[in-house]
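Thanks, everyone. Let me put the model up, and we'll go through a strand, a helix residue and the pockets.

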Amino acid sequence: MNLKQIEYALAVADEGSFTRAAERCHIVQSALSHQIARLEEHLGTALFERSSRKVRLTAAGEAFVRSARPALEATRRIVAEVAAVSGEVRGSLSIGKISSLTEIDLVELLARFHGLYPQVDIHLNMSKSELLMADVRERRLDLAFVGLWPGEKIEGLAMRLLAEEELVAVVPPDHPLASYERLPLAKLEDQPLVDFQAGTAGRRQTDEAFAAAGLRHRVQFEAGNVMLVGEFVRRGLAVGLVPSKIAEGFSGVVTVPVYDAPSRHLYAVWSHRPTPAAAAFLVLLEQALGRRESPGDPLLVRR
């Protein structure tokens with residue numbers, strides 16, 4: 001058994017597909033399948049149930065993943081930890097973000113990080129808050145930027161509050177609500193709404209805000225990306241509730257503040273034991289947040 005075999009097996013477990021795992025590992029599928037077959041032969045048991053449609057872990061495979069993931073993480077840290085002793089930051093940095101991150105210019109921040117630590121490979125992914133936090137817990141990501149309903153607990157991770165944002169209504173220009181200077185949430189109860197998919201952290205913010213006010217939350221359109229929310233509104237199909245900074249980036253819509261609007265908290269979350277690269281990035285992030293009021297700093301997207 002070698003580290004590449006472990007890496008390939010974990011990729012198949014994550015992707016649920018030999019094809020996608022091979023693409024992720026930059027190897028032809030036949031070679032990946034051969035290495036996993038050798039791993040299963042070494043272990044004396046099958047790790048995956050293979051069918052024409054899907055690949056699933058066996059009970060032995062689930063046990064393998066539980067042990068293999070931290071083992072692979074530990075071996076990857078060795079080179080980075082040894083280099084860090086001599087003051088050199090190496091290895092990789094994997095960061096996840098929600099589509100509606102508004103508080104910082106993450107690409108600019110990563111550009112500064114790359115300028116300081118050019119030997120670190122950077123990986124940036126975009127997903128939903130709950131998936132990102134799970135990936136950080138499982139060490140698939142080093143750090144993530146997420147948005148949560150106020151009071152929602154973050155368990156098993158270190159965190160830094162970045163901002164508290166109120167949501168505003170976005171409506172088509174010819175909509176009756178477009179003439180309001182400010183409106184109550186109740187005015188949206190009978191409107192067709194566009195929102196994030198049910199069960200996501202973004203959707204819970206609005207679901208719970210309407211429920212707390214005793215209002216019906218009528219969602220007729222679900223979107224997986226915040227920019228799609230703006231597109232539904234622009235076409236006159238629905239009304240949306242989005243962070244005010246996001247609304248500023250929409251075109252062809254009218255923004256209306258809401259008296260009792262829901263809000264969200266933006267966080268950076270990471271492991272309690274960050275890699276040297278993640279620790280260096282967190283220092284840079286903290287410096288950027290400390291310069292929050294400094295004019296001309298492009299890292300921060302100010303209100």
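Start with β5 and strand β11 (residues 263-270): they pair in the antiparallel sense, over six bridges. Pairing here takes at least two DSSP bridges between two strands. Strands are DSSP runs of E, at least two residues, and helices are runs of H or I, at least four, numbered from the N terminus. Within this pairing, F145 stands opposite A268 in β11.

A word on the source: this is a predicted model, where local features need pLDDT of at least 70 and side-chain atom pairs count only at pLDDT 80 or more, while totals for chains, interfaces and linings use all residues. Residues are numbered from 1 along each chain as its sequence is written, and side-chain values use heavy atoms, with hydrogens and water left out.

Now β5's other partner. Strand β3 (residues 91-97) runs parallel to β5, joined by three bridges. There, I95 stands opposite L143 in β5.

How many of the six residues of β5 are buried? Six of the six, residues 143-148, so the strand is largely enclosed by the rest of the structure. Buried means under 20% relative accessible area, with a 1.4 Å probe and protein chains only. L143, F145 and G147 point one way; A144, V146 and L148 point the other way.

Next, R69. R69 sits in helix α4 (residues 59-85). Its relative accessibility is 12%, so R69 counts as buried. Contact means heavy atoms within 4.5 Å. Beyond its neighbours within four places in sequence, R69 touches L10, D14, E138 and R140.

On to the pockets. A pocket is an open set of points on a 1 Å grid over the protein atoms alone, where a 1.4 Å probe fits, with protein on both sides within 12 Å along at least five of seven lines; lining residues have an atom within 4 Å of a point. Volume is the space filled by probe spheres set on the points, which are joined across faces, edges and corners.

The largest pocket holds about 1300 Å³. Its lining has 36 residues, with R76, S92, S94, H123 and R140 nearest the centre. Helix α4 gives the most, eight residues. By type, the lining has 12 nonpolar, nine polar and 15 charged residues. Charged means Asp, Glu, Lys and Arg; nonpolar means Ala, Val, Leu, Ile, Met, Phe, Trp, Tyr, Cys and Pro; the others, Gly among them, are polar.

The second largest pocket holds about 310 Å³. I98, S99, S100, F196 and G202 lie nearest its centre, among 25 lining residues. Here α7 gives the most, with four.

Notes
Buried < 20%, exposed > 50% of the residue type's maximum accessible area, 1.4 Å probe, protein only.
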